[in-house]
Structures are given as structure tokens and as C-alpha cells.
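Please read the points below with the model open beside you.

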Amino acid sequence: MSEITIQTPDDWHLHFRDNDMLLETVPATARCFQRAIVMPNLVPPITTAEMAVKYQQRILAARPQGSSFEPLMTIYLTNSTSEADIEAAKSAGVVAAKLYPAGATTNSDAAVTNLAAMTPVFEKMEELGLLLLVHGEVTEQHIDIFDREKVFIEQNLSNIVTRHPNLKVVFEHITTADAADFVLESSDKVAATITPQHLMLNRNDLLVGGIRPHNYCLPVLKRQTHQQRLLDVVQSGSAKFFLGTDSAPHEKHRKESACGCAGCYSAWSAIELYTQVFDELNVLDKLEAFASHHGADFYGLPRNNGTITLVKEDWQVPAQIKLPGGDDIVPFYAGKTVHWKVKG
Ligand code: NCD
Ligand code: ZN
Ligand code: ZN
């Protein structure tokens, strides 16, 4: 097959950032995605309905002319999130709330330190049908970074899912066989997003032959056996797994640093790279469901009307991109050849 047309896809997990950066990130996503779940980890974080609505307006203002792209908003859970905050979020059209264990990832210092205390908030979300999106890693110093996702399942996620059987939970950017198996063994209220980098890379791509800061993201890339398990579940076509790029830009100087930031800016090539992965797995026929059906169905939203077409054609991801403010960003897969291209 050298060409494939699919219903317009959605990106169920990304980071647009704010202000000037939106002029780069929003068009890059709107070029092929109809909707995206916008993560709330700004500084300060988007913790209320009011903040989410204002942020949504800034995103809408950054759309290219004529674009019908729709940002789907989330709020960031903190120790002081109340049931009233959840009610207000629901009324304002916010679709989900994001749980970051405090300190787990970029801009998560303000997040939840006591999961047990969140019970009333989770109950309210369950009642109103707001989804819980989870960055699934523990943060205790003594837990090895490669084990943090697995330990989070054992210590936290399994409890949340058991105590709130009607809460829809998205285990975001899963990286391990443990996470894939947990999702498969859980009820149909539990699903997961998978990024292009976790399908394409393993920790050798981060560490062999020199440190590759542009492959550094959280949860960190794992060993090849885990990568293989993620490939297996997407190849299986299970409706519990769907597209979430976790596109997460950081300026070049913040990535190429003695203490580099976590995040891969993949919006320029993500749909093409997923297509390449599905092609290499010989399951291009399952791409559309992963990219355009499973997420919308899980969220209880309609599938999109339009289509996009990808053609099998080589092109190169730019080595770097200039931001409106003058800074540079090195995109994910910079300088490398991608074998699929969005047509038109
Ligand atoms: C994300 C970011 O930079 O905001 N980084 C990342 O490595 N994935 C945060 C996140 O999704 O955990
Ligand atoms: Zn995360
Ligand atoms: Zn993310």
C-alpha cells in the first residue's frame, strides 16, 4: 500500500504551552488533527474552569485561518481541588482532570501529594462523567526511575480503579508491559494513550553512543521488551489503546543542558511516524481505529467527519524550528527521514 485515507484523527494528549509558543504548536497540530486533549501543566497550572476557558480562547486565537481545530480542555488536580471545582469544570465544557503525582514531570510541583484525600473529587468526577487522566509514576526518591510506572500501578492506580469502578481513567503515555497488561486486565472504563517515541524507541536510543537529550521524555524510555509489548498491543487492534502524542516542546537550550527538560516535540511528524509504525507492523488497516476511533469512543465523543490522506513518500524532519520569540526548538526525529507524508 502506498496511500491510505483515514477519518480525521485526534490527539488525546499533548502540550501546547502558552502565549507566543501557541503560534508554533497549535498550527503544527491543527495541520492533521481535528481535536486534541490539552494538558494543563502550565506555570501556574490550569486548575479551574475559568482558567481553562481563558486558555482555550488563547489556543483558538492561535489557529491558522480557516481551521476548525477544537482544543479539548483539562484541569490540573491539586491537594485543594474541590467537588465544586469539578462541577464548574463540567459546566464549562472541560472534559477531564489530570492527575500528576507531585514532582513526577514537567511543571508538576503544584500537584497532588495525598492520593487518598482525592476520593471525594474522584467520586464527583465519576458522577459527572469527567475523565481522570493519569501521569502514572510514583515519585519517591528511593524508587528506581525505570520502575516508577510499575510501582504506581501497584501502589496507586489499582486502588483508584477498584474504588471508582465507573470512573473513566486514561493511563497516559504508557511505557511498560506492566501498564499494557494492567489496562488489558481492567474493565472497559480503563484505557491508555501511547506516544510515537515509546513505540519507536527504547532506552538504547537514549543512552547508547552518547546521551540523546531529544529522546528524553517522561516516563523515560524503557528496555526493548517493553517497547515490543506496546507494539504488540497496537498491532492487536485493542480498542483500549489510542493515539496520544505527548508532543511537549522545550526550547533547544533547555533540552541540551546539564539538567535537560523531559519532552519530545513530535507534532511535526507524529501522525506520519505512527503510520510508519503500523506499516512496519503490517497492520495499516488498524491505523484508523487507533488514531481516529478508539479515543473518541472512549471519551464518548462523536468520531470526526473529514479524512486525511497519507502517502508513502520520504521527507526529512527539519533539524530545528524557529519560534516566534526567536528561540529554537529541535523537533522529535530531527534531521531523520520519515517514510510517510500527509497529502495536501
Ligand atoms: C511533558 C512536558 O514537558 O510537559 N514531558 C514529558 O516528558 N512527557 C510532561 C508529561 O507529559 O509528563
Ligand atoms: Zn506525563
Ligand atoms: Zn504529557
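1. Strand β8 (residues 190-194) and its neighbour β9 run parallel and are joined by 3 bridges. Within this pair, Thr193 has Phe242 of β9 as its bridge partner. Strands here are DSSP runs (E, at least two residues), as helices are (H or I, at least four), and both are numbered from the N terminus. Two strands pair if DSSP finds at least two bridges between them.

2. The model is predicted, so that local features need pLDDT of at least 70 and side-chain atom pairs count only at pLDDT 80 or more, while totals for chains, interfaces and linings use all residues. Residues are numbered from 1 along each chain as its sequence is written, chains are lettered from A and ligands numbered from 1 in the order in which they are written, and side-chain values use heavy atoms, with hydrogens and water left out.

3. The pair in point 1 belongs to an open sheet of 8 strands, in the order β2-β3-β4-β5-β6-β7-β8-β9, with parallel pairing. At the edges are β2 (11-14) and β9 (241-243), each of which pairs on one side only. From one strand to the next the twist averages 30°.

4. Helix α5 (residues 148-163) lies across four of these strands: β5 (96-99), β6 (131-134), β7 (169-171) and β8. Its direction is at about 175° to β7. Such angles are taken between N-to-C directions and run from 0 to 180 degrees, with axes fitted as lines to C-alpha atoms, for helices over the stretch in contact; contact means heavy atoms within 4.5 Å.

5. Where are the cis peptide bonds to check? One runs from Val43 to Pro44, with omega near -5°, and Pro44 sits in the loop between β3 (35-38) and α2 (49-61). Another runs from Leu218 to Pro219, with omega near -15°; Pro219 is in the loop between α8 (204-207) and α9 (224-236).

6. Asn107 is not a glycine, yet its phi is positive, at about 55°. Asn107 lies in the loop between β5 and α4 (119-128). Asn107 counts as partly exposed because its relative accessibility is 33%; buried means under 20% relative accessible area, exposed over 50%, and partly exposed in between (1.4 Å probe, protein chains only).

7. Asp246 is a residue other than glycine with a positive phi, near 55°. Asp246 is in the loop between β9 and α10 (252-255). Is Asp246 buried or exposed? At 6% relative accessibility, Asp246 counts as buried.
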